[in-house]
Each structure stands twice: as structure tokens, then as C-alpha cells.
Amino acid sequence: MKALLLIDIQNDFLPGGALAVANGNEVVPIANRLMADYDLVVATQDWHPEGHGSFASQHPDHDVGEIVTLNGLDQILWPDHCVQGTSGAEFARELNTAGIDHVIQKGTDRNIDSYSGFFDNARRKATGMETYLREQQVDEVHVVGLATDYCVKFTALDAVDLGFKTSILMDGVRGVDLNEGDCQRAIDEMKAAGIAVA
Ligand code: VGL
Ligand code: ZN
């Protein structure tokens with residue numbers, strides 16, 4: 001069984017959103033078109049409580065983009081984004097949500113971030129993604145969504161590490177590029193890990 005993973009295709013990551021990814025809206029029609037080609041479509045949703053520790057607003061002496069230590073881990077600080085129940089956390093309006101079989105929410109613990117759709121950033125807690133995919137007999141995953149250099153990358157790296165045959169579909173991803181070259185480096189890292197870049 002082959003699954004399409006839609007990573008964080010949410011309003012806050014689209015142009016005009018709180019953590020806008022340049023041209024992030026362009027992945028929406030691509031995701032919609034791809035859905036029909038898969039046995040299963042699973043979407044992740046960045047789903048933070050108010051006051052999440054990854055928000056710069058919680059660290060008065062720091063700005064967005066700075067790195068702090070959160071729970072012993074390096075944490076990049078972001079604007080408040082994808083707060084549970086807000087419109088920014090909803091899936092993109094034009095995303096065909098009727099085509100999604102299952103949603104995995106992540107980043108729900110205020111003390112630790114979760115870029116990967118499989119585990120928190122310390123790999124301590126699973127989100128339920130792996131269990132769900134194995135229950136559904138999935139052995140291959142193709143990844144699209146936002147953002148190439150964060151949640152797409154870490155989800156794909158975990159997928160291949162867990163033994164799923166893994167591809168990222170370049171047409172269907174867009175990145176943050178906080179530092180110039182981050183997206184390219186993310187792609188190189190994924191290739192080196194055995195992920196197919198299609
Ligand atoms: C993401 C930064 C913070 C992502 C989520 O979806 O790539 N990036 N939260
Ligand atoms: Zn987040």
C-alpha cells in the first residue's frame with residue numbers, strides 16, 4: 001500500500017499567514033491532483049496550544065529566528081502559529097479535505113516542538129503516524145507539503161528510518177529558507193538518507 005503524506009498544508013503556512021512559506025499556496029492544487037493516485041492519504045496538522053514554547057512571544061529576551069534551549073533541545077523561535085482552534089491552524093481552504101483519510105496532529109505539547117509527523121523533536125513520543133500506517137499495511141510513502149526544510153524534511157527522514165520506501169515530490173513542496181540554501185541542504189540530506197527525490 002502506498003500513502004500520500006500531506007504535511008502541514010495549513011493557512012498559517014500560506015502567503016498572508018503567521019509563518020508564511022513563499023509560494024506555499026502552490027502545493028494545494030498539486031496535493032489535490034495527487035490524492036487520486038494513492039491508496040491512502042494522511043495529513044499532518046501543526047497543532048500548538050496557546051503559549052507554545054516554540055513561539056518567540058514566550059521568550060521575552062529573544063526574537064523570531066533566534067535559537068533557545070527548550071527542554072534541553074535547541075529550538076528555533078517562530079511567530080505564534082497554528083494555534084489549536086484558530087483559522088490559521090485550519091487546512092488550506094482549497095485543500096480537498098474530503099480526500100484525506102486520516103489526520104495526525106503534532107506539536108501539541110507546549111514544552112517540545114514536533115517537526116516530524118512521526119515523533120516529537122526528542123523522538124520521545126510518537127504521534128500515532130507509524131502505528132496507523134502499519135495498521136493500513138502501508139510500505140511506501142510519498143511526501144508533499146510545507147515546509148521543505150522543516151516538517152517535510154523531518155517527516156521524510158523518520159519515514160525512511162522506520163523502513164518505509166520514501167519519496168519527496170519536489171513539485172509539491174515549498175520551504176522557509178531562513179538561511180539561504182536551507183532547502184537545498186534539506187534535499188541533499190534527504191537524498192543521502194535514501195529518500196528518492198522525484
Ligand atoms: C513548521 C516551523 C514551525 C513546518 C512547523 O510545518 O515546517 N515549521 N512549525
Ligand atoms: Zn509549529
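In helix α4, which spans residues 182-192, the buried residues are A186, I187 and M190, where a residue is buried if 20 or more other C-beta atoms lie within 10 Å of its own, exposed if 12 or fewer, and partly exposed in between, with C-beta atoms placed from the backbone. Because these residues cover an arc of only 100° around the axis, they lie on the same side of α4, the arc being that of the directions from the helix axis to the C-beta atoms. An α-helix has 3.6 residues a turn, so residues three or four places apart point the same way. The exposed residues D188, K191 and A192 are carried by the face of α4 turned away from its buried side. The cover over the buried residues of α4 includes α3 (148-161), β7 (165-174) and β8 (196-197), and just after α4 a positive phi of about 95° is found at G194. Helices (H or I, at least four residues) and strands (E, at least two) are DSSP runs, numbered from the N terminus.

The structure is a predicted model, in which local features need pLDDT of at least 70 and side-chain atom pairs count only at pLDDT 80 or more, while totals for chains, interfaces and linings use all residues. Residues are numbered from 1 along each chain as its sequence is written, and chains are lettered from A and ligands numbered from 1 in the order in which they are written.

Helix α3 is largely enclosed by the rest of the structure, because twelve of its 14 residues are buried; among them are T148, Y150, C151, F154 and L157, together with the charged-type residues D149, K153 and D158. These buried residues pack against β1, β2 (40-46), β6 (140-146), β7 and α4, two residues being in contact if their C-beta atoms, placed from the backbone, lie within 7 Å. The helix is followed by G163, whose phi is positive, near 100°.

Buried residues account for 44% of the 198 residues, and of the contacts with a separation of 6 or more, 70% are between residues 24 or more positions apart.

Two loop positions illustrate the exposure classes. R123, in the loop between β5 (102-106) and α2 (129-135), is exposed, with 12 other C-beta atoms within 10 Å, and its C-alpha atom is separated by 9.6 Å from that of D158, 35 residues away along the chain. E26, in the loop between β1 (2-7) and α1 (27-34), counts as partly exposed because it has 15 C-beta neighbours inside 10 Å.

Ligand 1 is surrounded by D8, F13, D46, W78, L146, A147, Y150 and C151, a residue being near a molecule if its C-beta atom, placed from the backbone, lies within 6 Å of it. This shell has six nonpolar, no polar and two charged residues, where Ala, Val, Leu, Ile, Met, Phe, Trp, Tyr, Cys and Pro count as nonpolar, Asp, Glu, Lys and Arg as charged, and the others, Gly among them, as polar.
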